[in-house]
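Please examine the structure shown below.

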Amino acid sequence: MSETQQPTRRTMLTRLGILLNAGIGAVLAVPVVSYILSPLRGKNGKPYNQWVRLGPLEQFPEGETRLATFRNPVVRPWDGQTADIPCWVRRIEGEQFQVFAINCAHLGCPVRWFAASGLFMCPCHGGVYYADGSRASGPPERGLFEYEHKVEDGQLAILAGQLPTLAAENRTARRKTCDC
Amino acid sequence: MRLLKALGEWLDFRLKLGEGIRDAATHPIPKSSASWWYVFGSAALTVFGIQVVTGILLAIVYVPTAAQAWSSLQVLNHDPTLGWFLRAMHGWASNFMVALVLIHMLQVFLFGAYKFPRELTWIIGVFLLLMTLGMAFTGQVLRFDQDAYWGIGIGASITGRVPVIGGALVHLLLGGPIIGGDTLSRFFALHVFIIPGLLIGLVSLHLLMVLKLGINEWPMPGRIVRRETYLKEYEQLTHEGVPFVPDAIWKDLVFGASIVAAIAVCAAVLGPFGPGGQPDPTIIQAAPRPDFFFLWLFSLLSLLPPQMETPVLLLMPPVAILILLLVPVLSGEGEKHWKKRPVAVLTVLVAAVALGSFTHLARSTPWSPAMSAWSGAPVPISELKGRSALERRGALVFQAKQCRNCHALGGAGGMRGPALDEVALRLTSDQLIRQVLQGGGNMPAYGKNLSPAETTALVSYLETLKPEGRPPAHDASQP
Amino acid sequence: MSGPALWSRAAAVAAALALASCDLPGRPGPEPEVLRPEQVLDFATLYSQNCAGCHGAAGKGGAAVSLADPVYLAYADDATVRRVTANGVAHTLMPAFAQSAGGMLTDKQIDVLVRGIRGWAGAAAPGGIKPPAYTAAAPGDAARGAAAYQTFCARCHGPDGKGGSGGHSIVDGSFLALISDQGLRTAVVTGVPGRDAPDWRSDAPGRPMTEQEVTDVVAWLASQRTQFPGQPYPSLNTTHGGKQ
């Protein structure tokens, strides 16, 4: 107890040493933490969501729903085929489109379009959606995720770049109400 | 020989490890603990050793990039001598390890070994279980095939349900906006550095505590654990006990070796797991399935009512872990023997039955549409026999409109909806028309996608689906 | 397990590994476990995944056209089978399978299917008689068709086509709405193999139907189409009337 009342030079210096290490540690934590958090800020200084072209309008016959694939706008050179993202393009008529994410709104499995019955079915847990993307049956709580789209230079373009999930901040996905 | 002894003495003079090892080896344990029931923990450790060795060997060839991982697994399967065998060992040992850890935990629970003074040993054990499961999941991801790709997608979708920070967490999990190169690198780091590092540290601590606190004695009904008296009682037991080496260890050695042999036989006979199809998201014909130990979760996710899913998904894991962690805190004293702990036994039974039935269900996936049944499963010839032209058209409507994906005929087809072999006994034509057009009961409405002619043909076909000689369904409201 | 037994087991495993690394049952085959969907070029697999549902296992006994029927194979040429498989038939229940038409199969896979289906053909034309052409040369005449119907078909399908002693109704509005004129022609020419409906040769004792008679009967059947088929109650009644 006498030490605490009368700190010697050595205990004083030890404490100083611990403090010094804590300080350095705190400073070093900055690069470590910001390195770990860097996926939150986009890549190469670009935002994740960008306009990508799916191809000329003629590729999508009116009244049909077709599979289209695009290269994700933000990629690493070693992403390989994982950066080729499919989506379902429904051309209602003229320049009226709906572009659905391939990922089921339930847990992200790839939904498949069945033209004859006009349904999207999910092979994982059995989510089913109508042609307009609204929920038909199964575990999903909502309709399919939709990409924002526009027509430019005779090409269909969508605002894409992220794996669509239920996370609110995902701007590509807009909530679709059921019209049934 | 004398030279060897001299070398040993030279080393021990400097390392000072010999005495500790001798003490650890010969420490006395209760006679009853030298039992065949006390071998699962050491076997799990042995299997972990196999995983470290085979894992390092695989890492020599494996390429952890999204573009190359799948091809490097193909190379591992075909090119290096017995590379496929090492992959198979690693995969099978992973299954054995999860199983052994679970059995070990069950045994510890039922033997009351987590009670005073071994509470912390149990708590560390809970973390070891979580890490073992973490290794199993990240390992499935490194086997970078379709199941892995969509499995991460499922993980991300679950993460995305977290309120407020869900989106940020998804990006952290994936290391970017999509499942890609950064994702695989992260899971590689987790599987190869982070989790194994923690595992080694915690396993050492876990073992050290077993040595320091002594192995649990065989429980006796009526022998109550009390904080005040237990240590003295245990000391008495070890005093009358036997040395760990050689009285108990030979059982560990024999069991451990048998497990290793079993893994090798499984690997040699059944071969490596996958890889399945290429991890290319544009292959939409994928029907992802999780590995065995996560099948129960797959069932649960299919069977939960939609509104309950997010709360269950987000609350169940922390609550379950919390309960496991609190077990020794809540019942640190008292009876150890299972015969005197009906609640504990019942809990184990309920959990085992639940997990078992969920796993069993997930093997047949009755909730998934059979995606190619409409074009691939022939209408049974017996169910076309003697049908009119219109009814045969109806059978075609049934196939072409993908009804078969959810409804089986003759045992083939989806199981999401009821099998329709005898539907005419259950529903009248009016009821069939209404069900087809409006859907309901988890069936989509087909009103927009069937023309009146198609509906008529379909329903007139469905009306023929009943065993010969039995009357069709009758509408009770009609005379 | 005793020590020696364990050792002998371990030694056996080691020996098996060393000696027979190529013969162990667990060794993966040279191909990847799961092919990419477009790499599946085996006819049996493709057929059983895409066609068997409607056309029956091995092209027989399905609800749709029997592809393995020698009459059908003599009647439809490769280009026809290919076109129908790839693009489907609009307004009927035959969907398109080619990717270019919204299906899931590549052109190569369609080729495999066409070749495989063709492979079911036996020798040349059945019975040495060449079946009528796949497509009608000129539009038929419904009035003449009615007469031809009486000669060749009425015996089983009844005088007005609503079903008779040996056959079901073939003028039901919903049935006619779900089959194209070409489909009717195919049905008249090939009959329904495996059931009692005979092909174009044996519809009447003595001689096969002529090309013109086939065309005309199809025209007569087509003229029986109603404007609003499938209105449930009247239509269902006719169906029941046609059943025996």
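Helices α17(B) and α20(B) are roughly perpendicular to each other, a term that covers angles of 65 to 115 degrees, whereas angles under 35 degrees count as roughly parallel, over 145 as roughly antiparallel and the rest as oblique. Their axes come within 7 Å and cross at roughly 100°; α17 spans residues 389–400 of chain B and α20 residues 452–462 of chain B. Axes here are lines fitted to C-alpha atoms, for helices over the stretch in contact, and angles run from 0 to 180 degrees between N-to-C directions. Helices (H or I, at least four residues) and strands (E, at least two) are DSSP runs, numbered from the N terminus.

This is a predicted model, in which local features need pLDDT of at least 70 and side-chain atom pairs count only at pLDDT 80 or more, while totals for chains, interfaces and linings use all residues. Residues are numbered from 1 along each chain as its sequence is written, and chains are lettered from A and ligands numbered from 1 in the order in which they are written.

Which residues bring the two helices together? Among them, Leu390(B), Val397(B) and Phe398(B) in α17(B) take part, meeting a group in α20(B) that includes Ala457(B), Leu458(B) and Tyr461(B). Residues are in contact if their C-beta atoms, placed from the backbone, lie within 7 Å.

Chain C consists of domain 1 (37–127) and domain 2 (132–242), with bounds from an automatic or database domain assignment. In chain C, 16 residues of domain 1 are in contact with twelve residues of domain 2.

In chain A, strand β9 (residues 146–152) pairs in the antiparallel sense with β4 (residues 96–101) over two bridges; pairing requires that DSSP finds at least two bridges between two strands. β9(A) and β10(A) form a hairpin with two residues between them, and Asp153(A) in the turn has a positive phi of about 50°.
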